[in-house]
Amino acid sequence: MAQSFPYTYYACDCFDSNTTTSTKRASQVVAAAAATEDEEQTFDPQNPRSNYALYPLEHLLYCEDCQQIRCPRCVLEETLNWYCPSCLFEVPSSVVKSDGNRCTRNCFNCPICISPLVVNLLENADADQGTPDRHILICPYCHWSTLETGVEFEKHTGVYAQLARIANGGKHIPTSKERDKERERRKELEARQRDSKNPLSPSSETAAVETEAREPPSRDDLFSNLAAFYKSQLEAQTPANPFSPGEMNFSSPSAYSRIMNLYSTNTAKKQKRVKPTPMREAASELEGLVIYDPASDSAAIERIKRDGWNSTLSPTQKLAQTNPHLQFADELRPIPTLLCTKRSKRCRSCRHILSKPESKITSTRYKIKLLALNHIPRLSIRALPPTNPPIPSIPGGSTASQPQPFNYNTLRSGIPTHFLLHLSNPLFDPIRVTLATSSTTPGKVQSRVTILCPQFDVGANTDVWDDALSSSPAPMARRSTINAETGQIEAGKIWDKGRNWTSVAIEVVPGFLADLKNVSGEEDGLDEDDDLLEIPIFVRLEFEADVHAEERGLSDSRGSKAERESREQAFWTVVGAGRIAGR
Amino acid sequence: MATGSERKPPASLSRSTRGTTPRLADLGESPRTPRTPLLRSISSTFGSPGGSFRTEDEYLVIELGSRFVRGGFPGESAPRCTLSFGPDEQRRVGDYRPCEPEYVHKRRKTKRAQAWAHEYELYRTDLSRVDLGLVEDKFERAMREAYAKYFLLDTKPRRILLAMPPRMPHPLMSTVLDVLFTSFQTPSITLVSNPVLVAAAAGLRSALVVDIGWAETVVTAVCEYREVLERRSVRAGKLLSEEMASLLNAQLDRDAAPGATKADVSFEEADEVLTRVGWCKSVPRSNRRTLYFPAREAPVLEEFEDAVESPPPTITIPFPKHTPPTELSVPFASLAKPTENALFAPELTLSEFDDEDLPLHHLIYRALVQLPIDVRRLCMARIVITGGVSNLPGLKARILKEVEALAQTKGWDPVKSYGKASARREDKLRNQCEDREMRKQEGEDTVAPSLDPNTAPNQIPPAAFQQPEEDAIDNKFAQLAVRNGPPPASLVGGTIRGVETLGAWAGASLVAQQRIKGIVEIERDRYLRDGLQGATREKEVSVVAQRQSMGPGLAVKGGERASWTLGVWA
Amino acid sequence: MSRPAARKVAPKGEYIETVRNLHLDQHPKPQDSNISKTLPFLTTFSLLLVTSPIVQPPFLIPFQDSGNKVSRRSAITGTANITLGGRTVIMADVQLRGDLHPTRSAPSQSGKDVTPTSISIGRCTVISTGSVVKPPSRISRGVVHYYPMKIGDNVFVGPNSTIQAISISSHVHIGANVVVGPFAIIKENVKILPRAVVPANMVIASGSVVGGQPARVVGEVGEGWGVSGGGGLGVGAGWGEDKWVEGGDLRELVRSIR
């Protein structure tokens, strides 16, 4: 895992309690039945599905009404506002609707390496002679620039708008209005030609006129042609319908008269004489019909042959483009930066707000934030090296005199290793914790795991100041000891304890990777993460809490009067203790 | 019934989505081209305007594929996002391994027990080996990403137009629908099948849609927006990338030092090579001796094709994940071989193929042969090739050429072998071919004569095509038809012709933009109550019932229907 | 937090601790008495720490926590142009290039020339071993201009990183071996994964996780970023008893370093 060892993941309940669907097919029912059986079994971190159920603690929220952990999957998100992550300007929702999900200022990403592009002024030797300045977008990381695709800008601001008008190579891109106009013009031309000729010979002449040295239409062109074609066809079908599905405009006089027609029978009947033409197919390129032309393909083949690998685009580069149907590097366009959103989150089952950031873009504070961190204990694991006491290694501060820190990446197979499970309690009530795990880890490499003290109490959390006061460096007496002779840790006793935390020892005998290889008889019997030592641990808490725990601190009068109720909470966690070294 | 008149356009288009079992009798009886019945003009006085009255529903358009999900908004030509399902998309939250620098240089170990590229799929149609829960997880995460990163919607609920392959297994469908209804609170989902949308995105109402997808190639004959025939073959993207991987492995092993471990190119690498520099010879190779081929054109083309370039061009492909990282020079010509082998299999004779792995051209040809003649006439001139693999340069041309060659040599006779009588038949075929050739040479007409007697006025009378007598009145009608009716270009038929399409997603975007209501429309409440079982069992909801449901009685709630159906997917 | 006695750390006095709220300037010569403790070493490198007085409940702060901790083995140049907010740790072999300061010093209101600031670092920020902090520069008309760099509070910079950002906001966690290019802007609550290369001019919006070469946004930090659950008793990413979390309050970490 990219998280450095050791780490802890928490499983959200929604993993197996997904019962939202009313009907499951028989197979699913069977699967569900199997799942209920499984519930008794261990959570399997090797199961591909577990990747969707496990979260680091800081990603989890907690619904106080449902008294359950809420993972990103069991919340509904609502967008509060939109902003560009690069220029940090807020974008109003109307603009998002009209202009799409990308920044319309000067924020672009490199189409090659996706780092942000910067606007540069091209050197202008003839500035004195009145040559206007030219600007380009250039990538400071890989040095790709719009010069490679023949795009230059007149101004250094409003690049998005400028780019929208310039095609690669410097040609002008028609706007949608111009496109419509052009289409109308060409259509008329065509119609005139058709009329002037013998209509019975749909001859090559028209085709010749059509194809007069025109570039093949872009996808956008084709799409707008098709859209216009369908629209006209639909309109032709519904001449008398005031509620034509396309546009509805009560304010226009024609629509008004049509509505009136509905109520005056005779006029309506008169109009009915016109026989509408049936829907038809697109007949020309202007209507979106393009006959397959092998020329472009053979050109592409020639090009690959000539320019080789580097002129082509990788799948990721293609997908990053707004138009993913590209093949060659000179078709690349700078990628306008995707906008970001600030979102509030609601519990999916009770619709209470779980987190709501302040709406101001610059603010990073939250109005509401119900973190799982503050409601369920934080479980962490660390190695208990054979030497005592544990070595605290300061990140990066490893000076020469410090002993070697424990290497989590090379756990030795078959050698018992001790870890400490550390549980700290964020609740203001003492909790009773029961830990459970299967004796061997699931997966191909089976490691033996023993929690030496599976049941213990953790003290209540207190206010921060108390914490500060009590953080006197008096080390707590250890409750469990290592037997000097055998090196065994006494079972059944906790290892250490603080005000609101307790740690217990856990003994792990990492499994053998080699066994597996022998069994399969081949070298690569292991998958990517099979050598991970991940221990699923089931955590169950029992505690007494005020009934109105969520109002605690707000009104003392209420809190003091409230009766207590006993609560229970249980969840799976997966602790990553390290990686077993292969031999 | 009468009330349906204004609903006509939507209904006519939406019938597409119905994809009932082909009613060939219906199609056969139409005089010219089969088409939706003309609009019956009935005074709108008695119709309820409510039938087509729609509130401003906003749609999302989502296309579901086995390796990608595309999502975006109606009226846009390209989807906002195309999300894949590679292993890097399936990591835990907080697992940022893919962005470690050395990750690029590490080849991911593939799970041995699994099929090729299994972990890159969202689903497969063989459900016995699919963990539906995992499909749900993957799809849910992808949709969540789409919503959070690309759609950036406000809180207003959006309807969804979901483009799906026909014949989706029901458990998979309900998995997908579950996610959309529960996690994303969609009020309703309209299902439209891919071939219809592909046809719509080509501007066609009838087409032979060849979707060369990931797991299989599906040939669907669409007539008037309705699926009439479907043929499948496993010769598609998966096989192709596997072929490419074996080619690359062989090349790497050849270059490797002796004793080195066998190269094992990952799917990612093979796929990248395929999409970047893969291609397809647009002219069939020479060893098609098994087939009769017009003697005149073949040799010329092959000479051209086999013209030896010196030195033979090569492509240098970097393999940063190989150990040690290396660059491989592959002859350019060999990069076309995987396509050849996977999709056309020229080395094998026809008898060696199963029904499930027909080469594409045979698949298309068979589909065409099995169509009723007038549908065939439309479809053969509207071959639309789509799907991820179809972007390989040269592939479309190749398929069209192969199909044309097959059609020329075999004709449209469903009988494959006449036994003893076959010699006579071959003679006949040859004659026909020569005829055609001759006519071609004379350059008389581009449109094949068999279709439209009008367009082929003066020709040497072969077989059945005697020159019709000139009839002034006929002519006049024809002229009128041309003037007032649809332009002749939209009536072309009878020749093999390929038509470009913008793809299923763009089709869905067009359909949603025109606010066309689909047949398969699933409301959230009903679905959550009954699931897929709530759909009426009837596959074929008759048009009449359809219209009634649209009628005044039910029109109150913006076209909510009394019952809903699953159409093609039932 | 004191460590068990057996722990062998660097020789005593690895860190020079400066007193809180002491303002040192090389040019206006140090005249205050409360710097006497640091005076001997000020001759070789003077440090100035400034900013507004830190309001803290007095009982929280043991004596040695009152100031910054600067390793004797760090290489700091142009100390006059560097401000440390207090309780900031500069570890061994760190290079702070305060000498690269803006040349165009802005005249202050009094008309007197004020020493230009080149690097200003906030409170409870940790710059780990071997990192280089260097203000970004731009060449215009053949002259190199340096721009002042600002680093916020509770920022952690991992070992062997190179920082040339123009601004780093608070609660940012930068992993080991990271390169932050010139003029990058890093907003609050950002995590930069180890070995990332943040390209020049990149703006990282708050709440992002970035990584890769070049760096891109690969995720979001959770809502619980920097929150140490359990009333400050979180156990960090596995570093023994350290009571701090990435992006959280680094006070405990600072306290534990000696």
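Two residues are taken to be in contact if their C-beta atoms, placed from the backbone, lie within 7 Å. On this criterion, and in a model that is predicted, residues B:Leu240, B:Ser241, B:Met244, B:Ala245 and B:Leu248 of helix H6(B) meet B:Phe267, B:Ala270, B:Asp271, B:Val273 and B:Leu274 of helix H7(B). By class, this contact of H6(B) with H7(B) comprises eight nonpolar, one polar and one charged residues. Helix H6 spans residues 237–255 of chain B and helix H7 spans residues 267–277 of chain B; the two pack at an angle of about 100°, and their axes are 9 Å apart. Because angles of 65 to 115 degrees count as roughly perpendicular, H6(B) is assigned as roughly perpendicular to H7(B).

Helix H3 (residues 132–151) and helix H4 (residues 170–183) of chain B pack with their axes 10 Å apart, at an angle of about 40°. H3(B) and H4(B) are therefore oblique to each other. The crossing in which H3(B) passes H4(B) is right-handed. On the H3(B) side, the contact is formed by B:Leu132, B:Val135, B:Glu136, B:Phe139, B:Glu140 and B:Met143. These residues meet B:Pro171, B:Leu172, B:Thr175, B:Val176, B:Asp178, B:Val179 and B:Ser183 in H4(B). The contact of H3(B) with H4(B) divides into eight nonpolar, two polar and three charged residues.

Chain B has 570 residues, of which buried residues make up 47%. Of the contacts in chain B with a separation of 6 or more, 76% are accounted for by residues 24 or more positions apart.

Between chains, eight residues of chain C are in contact with four residues of chain B. Strand E22 (208–211) and strand E23 (216–220) of chain C are the elements that give two or more residues to the side of chain C that touches chain B. By class, that side of chain C has three nonpolar, four polar and one charged residues.

Strands E22(C) and E23(C) run antiparallel and are joined by four bridges. Within this pairing, C:Val210 has C:Val217 in E23(C) as its bridge partner. The hairpin of E22(C) and E23(C) has four residues between the strands, and C:Gly212 in this hairpin takes a positive phi near 100°.

Terms used
Residues numbered from 1 in each chain as written. Chains lettered and ligands numbered in written order. Predicted model: local features only at pLDDT ≥ 70, side-chain atom pairs only at ≥ 80, totals over all residues. Buried ≥ 20, exposed ≤ 12 C-beta atoms within 10 Å, placed from the backbone. Nonpolar A, V, L, I, M, F, W, Y, C, P; charged D, E, K, R; others polar. Axes fitted to C-alpha atoms, helices over the stretch in contact; angles between N-to-C directions. Parallel < 35°, antiparallel > 145°, perpendicular 65-115°, else oblique. Left-handed = near helix turned anticlockwise from the far one by under 90°. Pairing = 2+ DSSP bridges.
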